[in-house]
Amino acid sequence: MKLAIVDYGAGNLPSVERALRALGAETERAIEPAAIARAKAIVLPGVGHFAAFVAGLRERNLTAALIAAQAAGVPLLGICLGLQVMFASSAEAPGEAGLGFFPEQVFALPATVKSPHIGWNQLRSIRESKLLRGIPEGAYFYFAHSFAAPASSAATVAACDHGLAFAAVVERGHLMAVQFHPEKSGEVGARVLRNFLESLP
Amino acid sequence: MTLARRIIPCLDVDGGRVVKGVEFEGLRDMGDPAALAARYNREGADELAVLDISASSQGRGTFLGTIRAVAEQLNIPLTAGGGIRTMEEGRAVLLAGADKVTVNTAAVERPELISELSRQFGAQAVVLSLDARRKGASWEAYVRGGRQPTGRDAAAWAAEAVSRGAGEILLTSIDRDGTRSGFDCELTAAIAATVPVPVIASGGASTFEDFFAVFTRGQADAALAASIFHQETHSIAALKEFLAARGIPVRLSR
């Protein structure tokens with residue numbers, strides 16, 4: 001099955017692509033709505049600013065295609081900013097709407113800790129997770145972000161703490177996302193990507 | 001659950017080869033960047049830095065190719081830079097496969113470069129490389145490979161760079177660089193207390209105790225070293241075991 005990697009004009013796309021291909025996945029870069037409409041599974045990577053991401057999707061007419069794909073039940077994996085954009089909105093870009101797959105708002109990490117949260121951190125499991133299957137408790141993942149989705153989201157399956165608890169992994173049916181960078185998280189990161197691939201119908 | 005302190009091997013690259021300056025007199029070939037990158041990726045490095053120190057324009061021309069070859073070998077983050085002067089050069093480094101780009105001299109000369117890169121790629125992708133030398137009770141920022149004083153206070157410049165959008169500081173002590181007399185913990189602690197972003201300490205690493213000191217007294221979030229790892233004086237795994245036994249949170253591989 002071919003994976004569509006959403007290309008909104010910036011971001012960590014090449015390393016995500018390389019990591020997925022190393023696991024044997026076939027990938028194509030989706031830069032137009034038709035590529036998303038025909039995709040059997042979608043990966044949504046992103047780094048940078050929330051506003052630039054949603055503007056990039058809008059300018060390429062990808063927003064509606066992604067919303068239609070999610071409504072049709074197409075499996076989707078969000079990575080880093082890709083996770084945040086799946087939420088309703090972000091404090092990073094007040095007034096800009098996210099994709100709204102999850103109803104909460106993304107918040108800024110508190111000023112009591114160093115921000116960006118850059119480096120390797122551990123997860124706290126909240127409930128059973130498809131993406132984290134087979135990964136030992138205490139494993140470290142690489143994070144690089146200043147904003148985060150609330151751990152209290154009903155979709156949160158694993159949290160991380162940096163000043164506040166935030167959602168590190170969210171899952172709801174065919175929708176999955178991680179705040180960390182699996183493509184930069186060594187062997188355990190590759191396992192997360194493999195778990196996503198193996199979850200596909 | 002704690003954010004781990006990072007160990008970052010650094011490849012100083014000239015014309016496609018990893019080099020090490022010997023007492024500022026000559027450069028010694030230390031090997032192929034991609035081969036070293038693969039080794040560090042395997043041995044549990046938390047991140048890799050690749051810095052272009054080419055003196056010649058021919059050397060500079062090969063740097064993007066080196067970044068691509070190195071990135072191919074990694075499933076950990078890659079920081080790259082050295083001589084980045086413009087937004088376009090920064091973009092090229094990131095598109096070649098780096099996750100973060102470092103800026104130094106050009107950012108001192110035109111601080112807007114930091115804002116531009118940060119707006120486009122996010123603060124997490126922009127690292128201020130700050131070379132500092134002690135001057136009385138504080139430290140002065142230097143540019144051009146640590147040769148030219150700027151007249152600017154290092155802490156003040158670090159704070160300005162962060163306010164302009166730098167997401168991390170790569171802090172090199174010129175006094176300690178190449179001396180193997182330990183990190184400058186005083187400098188590192190002073191900058192770490194000034195800025196709200198992570199600080200990577202560099203310059204002077206020799207023993208495991210030096211790393212312990214810079215993570216405790218120095219308050220560093222990460223520590224960078226080059227030759228002690230290249231020469232296999234120390235393995236990264238052994239260093240991390242040592243730090244873990246002393247209560248420093250580190251990521252032990254697998």
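Author: Buried residues make up 52% of the 254 residues in chain B. The model is predicted.

Reader: What does the secondary structure of chain B come to, in helices and strands?

Author: Chain B has 11 helices and 12 strands. Its radius of gyration is 17 Å, close to the 18 Å that the globule rule gives for 254 residues, so chain B is as compact as a globular protein of that length. The C-alpha atoms fill a box of roughly 45 × 40 × 40 Å along the principal axes. Of the contacts in chain B with a separation of 6 or more, 64% join residues 24 or more positions apart.

Reader: Which residues have the most contacts inside the largest nonpolar core?

Author: The general idea is that nonpolar side chains in soluble globular proteins tend to be buried together. Here the largest nonpolar core has 156 residues, and those with the most contacts inside it are A:Ile42, B:Leu48, B:Val101, B:Ile169 and B:Ala223. Leaving aside residues up to four places away in sequence, B:Ala223 touches B:Ile7, B:Ile8, B:Phe183, B:Ala201, B:Ala205, B:Phe211, B:Val214 and B:Phe215.

Reader: How many residues of chain B are in contact with chain A?

Author: An interface is often sized by the accessible area lost when the parts come together. The count here is of residues: 24 of chain B are in contact with 32 of chain A. The side of chain B that touches chain A has 12 nonpolar, 5 polar and 7 charged residues.

Reader: Where is the backbone worth a second look?

Author: Most residues other than glycine have a negative phi, and most peptide bonds are trans. In A:Asn61, phi is near 55°, a positive value. A:Asn61 is found in the loop between helix 3 (50-59) and helix 4 (63-71) of chain A. B:Arg144 also has a positive phi, near 55°, and lies in the loop between strand 8 (138-143) and strand 9 (148-153) of chain B. The peptide bond from A:Ser115 to A:Pro116 is cis, with omega near 10°; A:Pro116 lies in the loop between strand 6 (102-108) and strand 7 (117-122) of chain A.

Definitions and conventions. Residues are numbered from 1 along each chain as its sequence is written. Chains are lettered from A and ligands numbered from 1 in the order in which they are written. This is a predicted model: local features need pLDDT of at least 70, side-chain atom pairs count only at pLDDT 80 or more; totals for chains, interfaces and linings use all residues. Two residues are in contact if their C-beta atoms, placed from the backbone, lie within 7 Å. Ala, Val, Leu, Ile, Met, Phe, Trp, Tyr, Cys and Pro count as nonpolar, Asp, Glu, Lys and Arg as charged, and the others, Gly among them, as polar. A nonpolar core is a set of buried Ala, Val, Leu, Ile, Met, Phe, Trp, Tyr and Cys residues joined through C-beta atoms within 7 Å. A residue is buried if 20 or more other C-beta atoms lie within 10 Å of its own, exposed if 12 or fewer, and partly exposed in between; C-beta atoms are placed from the backbone. Helices (H or I, at least four residues) and strands (E, at least two) are DSSP runs, numbered from the N terminus. The radius of gyration is taken over C-alpha atoms; the globule rule is 2.2 Å times the number of residues to the power 0.38.
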